[in-house]
Amino acid sequence: MTDSVPKRSGLNSLFQPRAKGVLLVSLALLIIAVVAVPWPLQPSAPTTRRFTMVSRQFEFEPNTIQVNQGDTVIITLTADDVVHGFFLDGYGVKMRVEPGQSQTVQFVADKSGKFRYRCSVSCGTMHPFMLGELVVGPNTTFGRAVALIGVVAIGVTVYLWKFPLREPGESTTEVRSKK
Amino acid sequence: MNTTRIDLLTKIPLLKSILKSRFFQPVLMLGTLFFFVFAILTGFFGTPAGSKNFSIIYIWIVWWAVLIIVLVPFFGRLWCTVCPIPGPGEWLQRRGIIQKRYPKLMTLRRRWPRQLKNIWLQNVAFLGMALFSAIILTRPSVTAWVLFAFLILGVVLSAIYDNRIFCRYVCPVGGFIGLYSLTATVELRVKDAQICKDHSTKDCVIGTENSYGCPWMVFPGNLERNAYCGLCTECLKTCPRDNIALNLRPFGSDLLVAKGRSLDEAYKAFIMLACALMYSVVLLGPWGWLKGWANMNSLGQWAIYAVGFLTINLLIVPGLFWLTAQAARLLARLDISPRQAFVDYAYTLVPMGLMGWIAFSFSFVFVNGSYALPVLSDPFGWGWNLLGTKDFPWTPFLPQVAAALQLITLLIGLGFSIAIAYRIGRQHAGSDALAWRGALPITAFLTGVTLLFTKLYLG
């Protein structure tokens, strides 16, 4: 037998919708804060970073490069086998390199986050998946993403704790025991 | 009256007229069949460069994106309505395309084995394809062979068995569309189940003079989930009581339907989630050696890759979730078997998995979508310039926007899945508080999965 106990009564029922609103608004404000408030992390003093990169079917070596925001990045690219390209997401940096030659590109890593560089010249079957990663630190984008995940996970959990969901048509009483 | 449903057929009479027409489905299927055969031809006879071949670009980028980002979450099995693969076999069975001309289907009338009346075969078929995905997704001729094999298998099975055996029990794509369509915002249901119960002739099952029984072997009167309704709308044409509705409904409604939950579907959820993660690592990661293994650079390396891939899909992800579900069972003091806790809570992975796939798809749709224009002008890669777009350059479209969309999608999946975990717990737990406690381990698992995706995309 189901023993249902009314959960909302008297003053409680007056405050319940307000409490729900407060919680939802708090969560929304927290999300906005995570996205918009500047992080206290300061990038270290800018330097010049040089990388010699080899491209071959279907990889770049090194496949990951890490720099700090504000660094001047100089990449010298060679091709080991066939013609390859280099396109850096977010920066629009492009070059094309033929086997036996090298090409150099220079840019200032002024945006933080993870950016993929990819082959931009059709070089064989796995060409669309020939990728590498430039991580410009401090990677606040990832930090904010992790914080958002925390806010959503904890926020939904707290919401469900305070305001148990009801199925359509179900009474708004708390089920205490089904036996 | 169900206040969370809106019957589109009542609201839009024109839609009802269109869906009731016998021309509706075959005409759409003939259209998609044209493109399907064209993709096979370009795959066989066009350039081997995938990025310049219609089959690769239009099947694995355009079709895939439309399917997973739009059709499945919003319209469920709508793709199955227009899918060309069962067309030729079904038309041979019926000896007609539009009108019903013969009372019986022309088949060998064999019975599909009882042991295979589930989606295990679809799980195996999907995993088989996933193991070779680096090959299939990049070689036009292999894509063409796969599509051709599907077409032939559809015809062969239609000749042996009645109805759409291929779609219901074999199609690797249909398996996951069925599972993910549990979340869809559209459903086909009966308006009043009692009318079906009282209707002795069951026309929707056996057919009438002018229409067929359900090709998906479903009795609409019992329909409570989208999983196995192919939205062919045959029942709409058959029902003499005008008792079929096409409802607009809240996202994820079927995930709370306890009837029909099963281990094969649970494993489908694990496989789909694990594959989305694995694809994100192998195809979108920076590790060239791993791509080489998946690309069969050597048989030995591929064998190691295959063992790892299958182990993660069939043992590691389900194993970790088993432990999580048992923790949930204990915390919520659920009076159900460990297996039932494992199966029931597995449905929390459906929204998460779907959003994982959408997030994965954003990364290549935004970056490689521009290949679609030149390929339209030169589908075989023979140098044609039919529409003047042949020389349109590869132009990645706002890759950083794609990253933001990926995160938003994953967050939606996370929040929704946590809520589903709680609601599934409520179906068994003695109180709201216990259901909430049971959702905690599941929340931890889901958060871990979301962090993993996010690390791969943004970290």
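Five bridges join strand 2 of chain B to strand 3 (residues 244-248) of chain B, and the two run antiparallel. Strands here are DSSP runs of type E with at least two residues, helices are runs of H or I with at least four residues, and both are numbered from the N terminus. Two strands pair if DSSP finds at least two bridges between them. Leu188(B) stands opposite Leu246(B) of strand 3. In chain B, three strands make up an open sheet in the order 1-3-2, with antiparallel pairing. Strand 1 (6-7) and strand 2 (186-190) of chain B are at the edges with a single partner strand each, so one side of each has no neighbour in the sheet. In general, strands of a sheet pair through backbone hydrogen bonds.

The model is predicted: local features need pLDDT of at least 70, side-chain atom pairs count only at pLDDT 80 or more, and totals for chains, interfaces and linings use all residues. Residues are numbered from 1 along each chain as its sequence is written, chains are lettered from A and ligands numbered from 1 in the order in which they are written, and side-chain values use heavy atoms, with hydrogens and water left out.

Over all chains, the count comes to 23 salt bridges (a side-chain nitrogen of Lys or Arg within 4 Å of a carboxyl oxygen of Asp or Glu). Asp242(B) and Lys16(B) form one of them, at 2.8 Å from N to O. Asp242(B) lies in the loop between helix 14 (234-238) and strand 3 of chain B, and Lys16(B) in helix 2 (residues 13-20) of chain B, so the pair ties together parts 226 residues apart in sequence. Asp242(B) is partly exposed, at 35% relative accessible area. Lys16(B) is buried, at 18%. Buried means under 20% relative accessible area, exposed over 50%, and partly exposed in between (1.4 Å probe, protein chains only).

A salt bridge also links Glu234(B) to Arg22(B), with the closest N and O atoms 2.9 Å apart. Glu234(B) belongs to helix 14 of chain B and Arg22(B) to the loop between helix 2 and helix 3 (24-45) of chain B, so this pair ties together parts 212 residues apart in sequence. Glu234(B) is buried at 2% relative accessibility. Arg22(B) is buried at 13%. Salt bridges with shared partners join Arg5(B), Glu187(B), Arg189(B), Arg249(B) and Asp254(B) into one network.

Helix 6 (residues 87-94) of chain B has six of its eight residues buried, so it is largely enclosed by the rest of the structure. Among the buried residues are Glu90(B), Trp91(B) and Arg94(B). The buried residues of helix 6 pack against helix 3, helix 9 (140-160) and helix 14 of chain B. Just after helix 6, Arg95(B) takes a positive phi of about 50 degrees.

At the interface, 51 residues of chain B are in contact (heavy atoms within 4.5 Å) with 46 residues of chain A. The two chains bury about 4,200 Å² between them, 63% of it on carbon and sulfur atoms. Buried area is the accessible area (1.4 Å probe) that two parts lose on being put together, summed over both. Pro286(B), Arg426(B) and Trp436(B) supply 14% of the area that chain B buries against chain A, more than any other three residues. Across this interface of chain B and chain A, the rule finds zero salt bridges.
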